[in-house]
Amino acid sequence: MDDKEIRVGHDQEESVGLSRRAFLKGGGALAGVAMLAGAGLGLTGCAPEDGTEGGDGAAALDAHYTVYDTDLLIIGGGFGALSAAYQAIKSGKTVTLVDKGPYGFSGGCGMNWDVIYTWCPSVDMLPKQATFKRLTNQEAAKEAYLTDPNADALGMLMNQGQTAPRRNEDGTVKLTIDYPQIKGLEGCFPRHSQDKLAQSQMITIHDRVMLTEVLVNDGVCLGAMGVHLPSGEMRVYRANATILAAGSNGWVYGWSTVAAHSFGSPDNTSDIEVAAYRHGAPLGDCEYGSYDLITTYPTGIAYAFNSGLGADANEWEYILDKDGKKMLANATQDDIDRFQYDRPFFNQTLAKEIAAGRGTASGGVLIDLSAPETVASFRECYARSIDLFKDNFGIDVTTQPLEIGFEMYEHGGAPVIDKKMMSAELPGLFCVRGAGVYGESGGTSVNMNNVFGSYATRCALEYLNGFSAPETIDWAPVADEYARLHELRTREASDGLRPPAVRQKIQKACETCLGVLRDKPALEAAAAELARIRTEDLPKMVVGAKTMTYNMDWKQAIENYNMLEIAEASVRATLMREETRGQYLRVDFPEKDDTNWNCMIAVSRAEDGSMAFAKREMPVVTF
Amino acid sequence: MNITFKLYDPAMDAAPREAVCEVEHWDKMTVLEAISAANENCEPIAFDYSCRGRVCGRCSVMLDGQPVLACITAITDESHKIEPLAGLPVLHDLIVDKSQAHARMATKYARVQPVALTPEVINTYDMAAAEKINAIEWCARCLVCTSVCPAHAAAPDGYVGPASMLATAYRFYDPFDQGDRVVEAVQEGLWTCIMCGKCTEVCPQAEIKHLDYWNDLRAAATARGFAEPADS
């Protein structure tokens with residue numbers, strides 16, 4: 001069964017006569033119209049006369065693309081996407097999952113790492129969870145949790161092929177976290193869940209495809225389009241319902257040789273989030289992030305959870321200031337208890353000490369691992385890095401304090417959704433980690449991705465029941481996107497900047513002001529720098545090689561436009577929110593202000609292309 | 001330091017070419033940092049990475065003829081050669097195509113499990129295998145081991161290679177798997193492996209002890225009547 005259509009220089013008018021577009025695409029096949037060459041027609045600088053919008057010469061390009069048709073399109077291959085996909089394959093609808101990386105799945109879930117999977121053991125406990133109270137989109141969350149078919153999380157994981165390898169001596173499953181309101185299991189390696197899903201006949205998985213734009217007709221999302229990275233071929237995934245599950249963008253935050261100040265992945269650059277924004281979907285929660293402390297040296301493995309050593313709240317005693325004195329020596333017992341269950345409080349307590357001048361030159365802290373009991377208390381995934389430091393880099397972590405810094409492992413920044421996980425401004429687009437599902441906690445969590453992924457699919461299926469496909473499809477947006485992407489690839493400039501250089505300017509600007517300490521002068525300077533990058537640097541961004549073949553410069557160039565939007569939205573939303581909420585401390589407004597700011601900040605694209613910020617309140621639910 | 005890169009764009013080049021880049025070295029620099037610096041300062045080089053922590057497996061390359069994970073491998077301040085991981089099709093420069101290998105591994109790793117596990121079954125576990133399961137969990141499927149395996153090189157269609165055999169071993173130990181992993185191991189070349197241990201030498205995961213698992217599989221195979229062939 002062939003569900004693909006190949007379109008070359010698509011032209012709906014072809015059958016009714018020779019339009020200009022058909023002429024331009026015809027080339028040698030239209031030898032009979034060579035006489036028109038004298039009329040000054042060329043391949044650039046033509047304004048199309050067939051009524052379509054297109055840029056100057058760009059619209060005259062032959063837009064070559066392949067169309068894949070599917071009922072449900074899932075964008076991304078991570079935790080949220082997996083859950084959405086597992087739900088989708090039960091439906092009998094055609095399902096296509098598209099991921100940017102190799103292995104079929106990338107981003108945070110594409111790493112084979114030791115995940116602590118947490119879950120709420122009973123919906124009765126939900127209102128007691130601190131994170132639930134911090135959500136803004138409580139209607140969606142309540143419905144998602146109450147209808148979650150995977151409430152037996154352990155059963156779900158084990159039946160996906162997980163082994164739960166960390167056991168008690170008697171062989172029973174050892175729960176890492178065991179409270180009435182929250183349970184947690186260490187040793188959940190995501191690839192098992194991916195491997196099982198990949199066997200299903202009911203899903204088509206395309207990897208190494210970067211989706212860059214949504215397909216919109218009359219304000220309705222009809223799928224997405226982008227580039228198959230190995231070949232440079234353009235693809236359109238025409239879908240009746242689209243589920244965005246692409247993970248959060250910690251990659252804007254900072255730069256250190258090969259990584260942002262983030263455990264996250266270079267894959268996560270908010271491409272479809274920003275595409276939706278350009279089509280009128282507001283983005284929310286851009287100011288929020290989640291942070292962890294992790295080693296920053298050697299630079300090649302800086303901020304990398306999986307090769308680094310970290311300090312959770314558990315290690316609070318071993319955190320030292322730049323002079324080697326205990327950072328939190330003045331913590332009361334109440335504080336110490338609160339460190340364990342209130343990560344924002346822990347981060348902000350440290351942030352205040354750093355703000356008072358006790359941090360290292362790069363704004364980090366030190367950790368003292370000389371005490372054997374510290375190392376003995378480490379999680380296995382940290383402890384295994386001790387030998388890595390020694391064997392690969394000659395560093396004995398027990399004999400010298402290590403510098404650790406805050407890395408942004410989660411970030412808010414997602415389309416605003418209604419209680420059915422859908423964008424009201426762009427119907428047909430469902431967002432697993434839509435704005436408000438985690439609120440001020442910043443981003444989302446593995447478990448929430450699982451709950452919301454399944455729910456997003458069920459909402460999308462409901463939508464499909466009432467959906468009827470349009471009578472005709474307007475493919476002009478595809479030609480426009482093709483032109484945009486290839487202009488980026490072929491652009492020349494005398495003083496051009498390569499995409500990595502532009503990327504790092506964006507990241508360096510964010511480094512000054514999107515951490516756990518944020519203050520007005522740094523935020524305003526960053527906003528100005530981002531505006532400068534937009535007007536001066538982006539237009540002269542030039543890829544180093546023009547090839548279509550797995551062109552990493554081209555990929556980064558495309559992503560940079562989206563990185564910039566998320567960066568600017570994050571900085572300016574922070575400026576707008578004159579209070580401290582979530583995991584960062586706003587130095588000039590250190591208190592929480594529920595009177596004025598107990599709401600989401602949503603950013604929309606104004607007519608003139610600028611960002612318009614507005615408060616958005618959502619109902620608080622009762623149980 | 002001078003680094004010679006083997007670069008190749010199949011759509012543009014008739015054959016791979018060498019490019020020499022002068023890269024500034026610093027203390028505790030990694031191979032990945034050197035590649036990135038060369039890409040930014042010398043000429044565009046296509047390379048892939050994600051986690052910087054030896055768990056995604058995407059940054060495998062050849063350093064001076066040896067397969068490594070670029071992200072966690074230190075590079076010394078001398079001349080070096082960096083090439084794409086050996087034995088796989090090159091997509092562009094240092095990016096190779098692992099999709100066939102990964103698809104096969106995913107199929108083997110998928111548990112054979114005819115009925116849903118109940119809570120009692122879930123809480124029953126063979127602790128004798130626990131350490132080995134825990135160890136193989138860390139395999140990032142980077143394919144560095146398969147790249148260096150002499151048995152796989154000599155008989156690419158006769159021995160599937162260590163990375164894929166680890167998948168079989170994992171489910172061999174998994175108490176919840178109902179597949180015939182012994183037959184699978186024999187069919188995929190268990191006895192073609194020469195037990196040289198190069199896989200373990202190059203593996204970035206210190207926990208994984210390949211030969212221990214191959215020995216367990218061989219003992220099980222022999223007990224099942226699939227003894228070592230006389231001519232191997």
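This is a predicted model: local features need pLDDT of at least 70, side-chain atom pairs count only at pLDDT 80 or more; totals for chains, interfaces and linings use all residues.
Local features require pLDDT of at least 70 and side-chain atom pairs pLDDT 80 or more, whereas totals for chains, interfaces and linings use all residues. Residues are numbered from 1 along each chain as its sequence is written, and side-chain values use heavy atoms, without hydrogens and water.

The contact between the chains (heavy atoms within 4.5 Å) draws 71 residues from chain A and 66 residues from chain B. About 5400 Å² is buried between chain A and chain B, with carbon and sulfur atoms giving 52% of this area; buried area is the accessible area (1.4 Å probe) that two parts lose on being put together, summed over both. The interface contains 4 salt bridges, each defined as a side-chain nitrogen of Lys or Arg within 4 Å of a carboxyl oxygen of Asp or Glu. A salt bridge joins A:Arg384 and B:Glu207, with the closest N and O atoms 2.7 Å apart. On the side of chain A that touches chain B, two or more residues each come from helices H5 (153–159), H6 (191–198), H11 (380–393) and H14 (499–511) of chain A. The greatest contribution to that side is made by H11(A), with 7 residues. Helices (H or I, at least four residues) and strands (E, at least two) are DSSP runs, numbered from the N terminus.

Chain B comprises 10 helices and 7 strands, and its C-alpha trace spans about 60 × 45 × 30 Å along the principal axes. Of its 232 residues, 55% count as buried, where buried denotes under 20% relative accessible area, exposed over 50%, and partly exposed the range in between (1.4 Å probe, protein chains only). Among contacts in chain B between residues at least 6 apart in sequence, 65% join residues at least 24 apart.

Several backbone features were also identified. Most residues other than glycine have a negative phi, and most peptide bonds are trans. B:Arg54, in the loop between helix H1 (31–41) and strand S3 (60–63) of chain B, has a positive phi of about 55°; B:Arg54 counts as buried because its relative accessibility is 2%. A positive phi, near 60°, is also found for B:Arg141, which lies in the loop between helix H4 (127–136) and helix H5 (144–148) of chain B. B:Arg141 has 5% relative accessibility and therefore counts as buried. In chain A, the peptide bond from A:Tyr297 to A:Pro298 is cis, with omega near 0°. A:Pro298 is placed in the loop between strand S12 (289–295) and strand S13 (310–311) of chain A.

Key. Chains are lettered from A and ligands numbered from 1 in the order in which they are written.
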